[in-house]
Amino acid sequence: MGRNVPALAVGLPTLKISRRGAGRLQDGHAWVYRSDILTVDGIPPGALVNVTDERGRFLGTALYSSSSQIAIRMLSTEAVSDLSGLLRGRIQAAITYRERIVENTDAYRVVFSEADFLPGLIVDRYNDLLSLQVLTQAMDAEPVRSRVLSELSEQLKPAAIVERVDPRIRELEQLPSRLSSVIQGEKSNTVFSMNGVQFDFDAMEGQKTGAFLDQRENYAAAAKYARGEALDVFCYQGGFALHLAQHCSKVVGVDSSRPALEVAEKNAALNHREIEWIEGNAFDLLRDYADSGHQYDTIILDPPAFAKSRRTLDTAMRAYKELNLRALKMLRPGGTLVTCSCSYHVSEAEFLEVVAQAARDVHRNLRVLEKRTQAKDHPILLTIPETAYLKCFIMSVSY
Ligand code: SAH
């Protein structure tokens with residue numbers, strides 16, 4: 001942008017936004033909320049649109065949603081005359097970036113929506129499989145959807161592509177309901193590896209797109225400090241537990257999901273490890289264990305996002321505090337706490353403060369060994385704060 005007189009792409013509907021909406025875009029954000037849209041007459045769901053300010057000045061090309069509160073997501077600050085070329089370039093750039101920053105794994109996020117300038121599209125690679133999630137009308141609409149799929153197959157040559165459907169998102173975007181399915185190729189099972197650990201993978205099962213790839217670098221970091229007896233709370237399919245097992249004499253994993261633990265056990269066998277998996281509610285178990293004097297040298301806390309919105313923040317903070325407090329009670333002096341929050345609505349400072357409060361309450365001293373975040377294949381775009389969500393602190397209990 002910023003050339004003399006930026007042109008509108010011919011044939012695209014034009015959408016006018018308020019001064020506040022334009023300000024957001026100028027600040028480098030990609031979203032404009034419905035309340036900042038001034039004209040939407042006759043724009044079809046999922047359309048590619050020209051965006052202008054109040055005075056009709058061209059601001060860029062965006063993807064429109066007729067139902068989401070996020071009415072448009074910017075695709076380019078320029079006029080897009082060759083949509084296929086743009087999609088090809090963006091996917092290529094996302095792949096090239098991963099080639100530079102991803103190591104020791106054949107499983108990583110290939111496309112992370114806005115952070116890769118492909119708003120509404122998530123693509124994860126698990127060895128020879130791709131798992132795809134479409135989050136918006138525009139990414140589901142033709143010709144975008146087909147172009148994305150053919151670029152992914154051409155550039156990455158996966159054995160199969162599986163689409164994971166989140167029914168809640170399709171409902172919010174008023175898209176016809178659809179089930180998760182293999183949309184290209186035939187297989188949906190594979191084995192992937194990260195940091196030398198093997199994982200069994202069924203693309204049709206599990207939460208999110210199947211695994212929590214955003215923790216990959218944190219698994220390796222946690223493993224560096226782990227020793228003695230370890231407890232992995234909210235272990236899912238054993239991501240942390242299997243890494244800890246490389247260095248610890250005993251590892252226990254806790255999760256409330258039986259299907260997740262069944263995969264965890266398969267993963268343990270695949271890596272010739274013995275890990276004890278406990279199905280249960282982490283809050284109850286931590287209370288019982290802390291009260292009955294269990295002790296550990298390493299504890300991982302990686303709960304689901306407790307604060308799904310600002311409204312639930314207070315309850316979320318109490319939950320984080322409770323978990324950290326129980327864990328700290330059970331750590332031996334010199335022990336390691338790895339404590340995570342994937343709630344976007346809880347800032348790093350707020351999360352650190354809640355861990356500090358827990359430490360004060362149980363009279364333990366904590367040293368911060370590492371303040372970490374999501375793996376680099378889940379890029380954080382500085383001007384879009386929503387792209388940064390994961391906090392992972394590695395702490396040492398001094399006494
Ligand atoms: N640490 C995991 C990811 C954890 S995701 C990894 O690295 O792969 C959060 C997990 O918490 C999910 O597996 C979910 O089943 C589990 N969970 C949610 N609420 C729970 C509760 N109250 N008690 C125990 N597990 C819970």
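This is a predicted model: local features need pLDDT of at least 70, side-chain atom pairs count only at pLDDT 80 or more; totals for chains, interfaces and linings use all residues.

Colleague: Which domains is the protein divided into?

Modeller: There are three: domain 1 (14-76), domain 2 (83-187) and domain 3 (212-398). Let's take domain 1 and domain 2, whose C-alpha centres lie 24 Å apart. Their contact draws on 15 residues from domain 1 and 14 residues from domain 2.

Colleague: How much area is buried between domain 1 and domain 2?

Modeller: Buried area is what the two parts lose in accessible area on being put together, summed over both. Here that comes to about 1,100 Å², with carbon and sulfur atoms giving 60% of it. On the domain 1 side, S67, R73 and L75 supply 45% of the area buried against domain 2, more than any other three residues.

Colleague: And how many salt bridges are there between domain 1 and domain 2?

Modeller: The count is 1. The side chains of R73 and E114 form a salt bridge, at 2.8 Å from N to O; the pair counts because the cut-off is 4 Å. Polar contacts are a separate tally, with 9 residue pairs across this interface.

Colleague: Which strands supply the side of domain 1 that touches domain 2?

Modeller: β5 (58-64) and β6 (70-76) each give at least two residues. The largest share, 4 residues, comes from β6. By class, that side of domain 1 has 8 nonpolar, 6 polar and 1 charged.

Notes:
Residues are numbered from 1 along each chain as its sequence is written. Side-chain values use heavy atoms; hydrogens and water are left out. Domain bounds come from an automatic or database domain assignment. Contact means heavy atoms within 4.5 Å. Buried area is the accessible area (1.4 Å probe) that two parts lose on being put together, summed over both. A polar contact is a pair of N or O atoms within 3.5 Å; within protein, one must be able to donate a hydrogen and the other to accept it, and residues adjacent in sequence count only if both atoms are side-chain atoms. Ala, Val, Leu, Ile, Met, Phe, Trp, Tyr, Cys and Pro count as nonpolar, Asp, Glu, Lys and Arg as charged, and the others, Gly among them, as polar.
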